[in-house]
Amino acid sequence: MRQVAPRETGELIIARDLAIDLGTANTLVYASGRGIVLNEPTVIALNSRSNDVLAVGREAWQMIGRTPGYIIAARPLRKGAITDFDITEKMIRLLLQRVGVSKLNRPKVLICVPSAITAVERRAVEEATRHAGASSVYLIEQPMAAAIGAGLPIHEPMGNMVVDVGGGTTETAVVSLGGIVALEPVRVGSFDIDSAIQNYVRREYGIAVGERTAEEIKIAVGSAFPVNEGIRAEVRGRDVMSGLPKTVVLTPGEIRHAIEEPVVVMTDSVIRCLGQAPPELAHDLIGNGIALVGGGGMLAGFSDRLAKETDLPVHLVDAPLESVVLGAGKCLEAFDKLKVMFMRSDR
Ligand SMILES: Nc1ncnc2c1ncn2[C@@H]1O[C@H](COP(=O)(O)OP(=O)(O)OP(=O)(O)O)[C@@H](O)[C@H]1O
Ligand SMILES: [Mg+2]
């Protein structure tokens, strides 16, 4: 991963403006003039007795499913929304400390939020970010940041569609003249595919696998369209009846069947968004196609499946996991020109 701790460079730390993509699965931070400086799983490990933070990011992620009773390794975001503000604030503070934020170095922070965020959630995100060390906080809607990060010509009087499949959400937007014209967010993402896999292997083979194993199965043999049918995944889990280890071999066909439900929710939401777009803009999409971003968009065959369902060309961008933060980063670099993109603060 491209992760640079500012202190390692030995240079004088100056307050660099930061952009944060606080995702359900991964948190990325972009520093102006520098690029992506942090890329970690959105996970925090806590001592449940004292509420002390034991680890954040990758280190905490390693602990998922492996903790003794008094340690909780948790994802503080669910379905794109913050479920526990105290814990989220702690996590943001620790991650920002890693990139050099301190009492003496309080940067301007642009934070990417789900487009369907409520006013209450919005204020809470702002507060958490300010308490974590930001001098001022700006918000941008994730699909807008994703469109900018995907390099779409958002200022043109022309329809462009971006689909962002994250861990907890799938957000589709049509953008034209610098604004979102049609939007369809659903709180179903790639984690729901992992759960469907967990449920399937338990139901079909009677073995229990953890969420990290389910994710590995998804990346190894998961697909939304037949693409690589010859591969197999050998999986070790715990037999729920005997409690003993058991190995099974999974095929792409059975996993595709097992994950069909969340995949359909995702593709249906894209189709609904197309239905919302004004006819002229919908027509533009025939030529421009759909830009697919987000880690969930990397599911094998997902772009083919989407192309088949929508009858439009679908293009998976080069760095799907980074599009949102890179788009927000572009906004930082051209702050005065692009600040019209930011959501208004109600304060
Ligand atoms: N090669 C791959 N195939 C399928 N899924 C993948 C692949 N690589 C990553 N993913 C999935 O992508 C998801 C993470 O994507 P991303 O980082 O875009 O989510 P996020 O931005 O944190 O979530 P959200 O936007 O919903 O809040 C994870 O569920 C992960 O399993
Ligand atoms: Mg995301």
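I count Ala, Val, Leu, Ile, Met, Phe, Trp, Tyr, Cys and Pro as nonpolar, Asp, Glu, Lys and Arg as charged, and the others, Gly among them, as polar.

**Entry 1: setting up.** I am working with a predicted model, in which local features need pLDDT of at least 70, side-chain atom pairs count only at pLDDT 80 or more, and totals for chains, interfaces and linings use all residues. Residues are numbered from 1 along each chain as its sequence is written, while chains are lettered from A and ligands numbered from 1 in the order in which they are written.

**Entry 2: domains.** I noted three domains: domain 1 (6-144 + 324-341), domain 2 (155-188 + 261-319) and domain 3 (190-259). Their bounds come from an automatic or database domain assignment. The centres of domain 2 and domain 3, taken over C-alpha atoms, are 27 Å apart. In their contact I find 16 residues from domain 2 and 13 residues from domain 3, where contact means C-beta atoms, placed from the backbone, within 7 Å. On the domain 2 side, helix 8 (260-276) and helix 10 (302-310) each supply at least two residues. That side has seven nonpolar, six polar and three charged residues.

**Entry 3: two helices.** How do helix 4 and helix 11 lie to each other? The axes of helix 4 (residues 142-149) and helix 11 (residues 323-333) come within 7 Å and cross at roughly 85°. Axes are lines fitted to C-alpha atoms over the stretch in contact, with angles from 0 to 180 degrees between N-to-C directions. The two helices are therefore roughly perpendicular, a label for angles of 65 to 115 degrees. The residues of their contact divide into eight nonpolar, four polar and one charged.

Entry 4: Strand 4 (residues 44-47) and strand 5 (residues 53-56) run antiparallel, joined by three bridges; pairing needs at least two DSSP bridges. I found isoleucine 44 opposite valine 56. Five residues lie between the strands, and asparagine 51 in this hairpin takes a positive phi near 65°.

Key. Helix = DSSP H or I, 4+ residues; strand = E, 2+ residues; numbered from the N terminus. Contact = placed C-beta atoms within 7 Å. Parallel < 35°, antiparallel > 145°, perpendicular 65-115°, else oblique.
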